[in-house]
Amino acid sequence: MRLTTILAPLALAACSYVNLQTAASLSGFSPLTADPAQVRVAVDLPPGVDVAPGGAKLTFGAARSDTQAREEGGFALEVLTGEANRKLFQLSAADQAEFTRLQKLFTAWKEENESATSGQLSIAVAACQVSSDLNEEDTFSVFIATDQTGRFKPLIQAAPVSEALALIKEAQGGSDAAC
């Protein structure tokens with residue numbers, strides 16, 4: 001199974017800030033063999049901005065072109081720690097079990113017909129403004145760790161928070177992205 005996507009958009013504004021070196025190094029990462037208990041997501045935010053409650057999500061899915069089979073799991077990441085300006089997230093124990101079930105299913109699909117099987121792992125983080133102290137130059141970054149070393153690799157670096165919050169506000173019909 002090919003890993004076709006690893007993204008961590010705070011909003012669509014972040015897409016142009018994906019770290020290409022990390023994307024290349026993660027091309028060897030397989031969600032089929034990763035230990036779900038070791039996957040961590042870190043989000044660095046400036047003062048005045050936070051991750052919305054339930055706003056960090058991981059999606060893992062696969063599809064087969066020969067049978068039209070498709071399955072996907074969406075997982076709300078739980079806060080592991082919440083230090084000043086950095087939040088660390090992981091899969092819950094229950095979600096780790098479901099992720100493992102999907103790994104087994106997708107591995108079976110791959111073994112049956114690898115060329116017809118494709119997969120995706122994506123990370124989405126929704127931000128909200130908690131104060132009006134936001135500076136136009138403030139940025140956010142998103143990192144991922146996928147093994148027991150716990151070494152984080154940047155997915156998005158120094159993306160403008162103002163652009164991301166503006167897109168969220170637009171998506172919400174003009175209301176602020178407040179927590």
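Which residues are linked with Arg 64 in a network of salt bridges? Arg 64, Asp 66 and Glu 112 make up that network. The structure is a predicted model, in which local features need pLDDT of at least 70, side-chain atom pairs count only at pLDDT 80 or more, and totals for chains, interfaces and linings use all residues. Residues are numbered from 1 along each chain as its sequence is written, and side-chain values use heavy atoms, with hydrogens and water left out. Helices (H or I, at least four residues) and strands (E, at least two) are DSSP runs, numbered from the N terminus.

**Salt bridges**

- A salt bridge is a side-chain nitrogen of Lys or Arg within 4 Å of a carboxyl oxygen of Asp or Glu, and the structure holds six of them.
- Lys 87 pairs with Asp 50 in a salt bridge, with 3.1 Å between the closest N and O atoms. This pair links distant parts of the chain, since Lys 87 is in strand β6 (residues 86–90) and Asp 50 is in strand β3, 37 residues apart.
- Asp 50 has a relative accessible area of 22% and is partly exposed; buried means under 20% relative accessible area, exposed over 50%, and partly exposed in between (1.4 Å probe, protein chains only).
- In the salt bridge of Asp 66 with Arg 64, the closest N and O atoms are 2.7 Å apart. Asp 66 is partly exposed at 37% relative accessibility, whereas Arg 64 is buried at 8%.
- Glu 71 and Arg 101 meet through their side chains in a salt bridge of 2.5 Å, N to O. Glu 71 belongs to strand β4 (residues 70–76) and Arg 101 to helix α2, so the pair ties together parts that are 30 residues apart in sequence.
- Glu 71 is partly exposed, with a relative accessible area of 26%, and Arg 101 is partly exposed at 36%.

**Aromatic residues**

- Rings of Phe, Tyr and Trp (its six-membered ring) pair if their centres lie within 6.5 Å; planes under 30 degrees apart count as stacked, over 60 as edge-to-face and the rest as tilted. By this rule there are four aromatic pairs.
- The Phe 60 and Phe 99 rings have centres 4.4 Å apart and planes at 20°, so this pair is stacked. Phe 60 lies in strand β3 (residues 49–64) and Phe 99 in helix α2 (residues 93–112), so parts 39 residues apart in sequence are tied together. Both Phe 60 and Phe 99 are buried.
- Phe 60 and Phe 106 have ring centres 5.1 Å apart and planes at 75°, so they are edge-to-face. Phe 106 is in helix α2 and Phe 60 in strand β3, so this pair ties together parts that are 46 residues apart in sequence. Both Phe 60 and Phe 106 are buried.
- One aromatic cluster is formed by Phe 60, Phe 75, Phe 99, Phe 106 and Trp 109.

**Nonpolar core**

- A nonpolar core is a set of buried Ala, Val, Leu, Ile, Met, Phe, Trp, Tyr and Cys residues joined through side-chain atoms within 4.5 Å.
- The largest nonpolar core has 34 residues, of which Val 43, Leu 58, Phe 60 and Phe 140 touch the most other members.
- Elements giving two or more residues to this core include β2 (40–44), β7 (117–129) and α3 (161–171). Strand β3 gives the most, with six residues.
- Not counting residues up to four places away in sequence, the contacts (heavy atoms within 4.5 Å) of Val 43 include Val 51, Arg 86, Lys 87 and Val 125.
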